[in-house]
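The sequence and the structure come before the points.

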Amino acid sequence: VDDNNRDKTPDEISSDWAVDILKKKHDRPFYLGVGFIRPHTPLYAPKKYFDMFPLEDIQLPPYRKDDLEDCAPVLRNRWQWGYKKYEALIKAGGAKAWKEWVQAYLACVAFVDAQVGRVLDALDSSAYRDNTIVVLTGDNGYHVGEKNCIQKWHLWDESTRVPLFIHVPGAKGSGRACDHPVSSVDVYP
């Protein structure tokens with residue numbers, strides 16, 4: 001019905017579960033993997049996260065009408081779904097509909113950020129704070145209208161980059177950025 005009378009989202013359920021695990025006493029080392037759905041579509045999030053991004057303040061991403069003209073056909077003709085979504089959105093409501101889509105995407109990013117924050121806060125206040133390695137990553141990024149596309153899976157900058165944060169308590173280099181490409185495939189092993 002509203003933010004005070006609704007079912008929890010899957011991401012809230014996941015963060016609740018992780019927080020509960022971190023509050024328990026564990027006698028042996030453990031691995032805790034927590035996954036979140038957002039900002040995948042459908043772009044659902046509680047209203048307060050939409051309110052953080054008023055439509056009148058939304059700035060659309062850089063856009064060039066002829067941006068695909070210099071691309072090889074293999075890039076233009078692959079994953080047509082993203083181009084079709086953008087075209088349908090623009091036909092349905094123009095720049096206003098595009099801003100609403102960007103707002104929904106930003107709301108979902110802020111929402112999942114809050115869920116990650118809940119888990120990290122629980123870790124920070126737990127007995128495991130000083131002996132836990134934290135790896136935070138995500139899958140590929142999303143085009144939100146750049147190159148006439150609303151989708152991921154393309155080989156342009158917005159979709160090929162992923163966040164990767166690794167914190168090892170007491171390790172040298174904490175807080176430093178690494179400018180070298182890394183392979184996400186190598187993280188788990």
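1. Elements. Helices (H or I, at least four residues) and strands (E, at least two) are taken as DSSP runs and numbered from the N terminus. On that basis the chain has five helices and four strands, in the order α-α-α-α-β-β-β-α-β from the N terminus on. The C-alpha trace spans about 60 × 45 × 25 Å along its principal axes.

2. Basis of the values. This is a predicted model, in which local features need pLDDT of at least 70 and side-chain atom pairs count only at pLDDT 80 or more, while totals for chains, interfaces and linings use all residues. Residues are numbered from 1 along each chain as its sequence is written, and side-chain values use heavy atoms, with hydrogens and water left out.

3. Confidence. pLDDT is the predictor's confidence in each residue, from 0 to 100. Its mean over the chain is 90, and 100% of the residues reach 70 or more.

4. Burial. A residue is buried under 20% relative accessible area, exposed over 50% and partly exposed in between (1.4 Å probe, protein chains only). Of the 189 residues, 31% count as buried. Leucine 68, in the loop between helix H2 (47-51) and helix H3 (73-76), is buried because its relative accessibility is 15%. Its C-alpha atom is separated by 19 Å from that of glycine 94, which is 26 residues away along the chain.

5. Backbone. Most residues other than glycine have a negative phi, and most peptide bonds are trans. Two cases to check lie in the loop between H1 and H2, where proline 39 and proline 42 are found. The bond from arginine 38 to proline 39 is cis, with omega about 15°, and the bond from threonine 41 to proline 42 is cis with omega near 0°. Lysine 147, in the loop between strand E2 (143-144) and strand E3 (150-151), has a positive phi of about 55°. Asparagine 148, in the loop between E2 and E3, has a positive phi of about 60°. Lysine 147 is buried, at 14% relative accessible area.

6. Cysteines. With a disulfide defined as a pair of cysteine sulfur atoms within 2.5 Å, the count is zero. Cysteine 71 is buried at 11% relative accessibility, and cysteine 149 is buried at 0%.

7. Aromatic rings. Rings of Phe, Tyr and Trp (its six-membered ring) pair if their centres lie within 6.5 Å; planes under 30 degrees apart count as stacked, over 60 as edge-to-face and the rest as tilted. The count is eight pairs. Tyrosine 86 and tryptophan 98 are edge-to-face, because their ring centres are 5.3 Å apart and their planes are at 85°. Both residues are buried, and Tyr63, Tyr86 and Trp98 form one aromatic cluster.

8. Pocket. A pocket is an open set of points on a 1 Å grid over the protein atoms alone, where a 1.4 Å probe fits, with protein on both sides within 12 Å along at least five of seven lines; lining residues have an atom within 4 Å of a point. The second largest pocket has a volume of about 790 Å³, a volume being the space filled by probe spheres set on the points. Of its 20 lining residues, Leu164, Phe165, Arg176, Ala177 and Cys178 are the closest to the centre. Strand E4 (residues 164-167) gives the most to the lining, with four residues.
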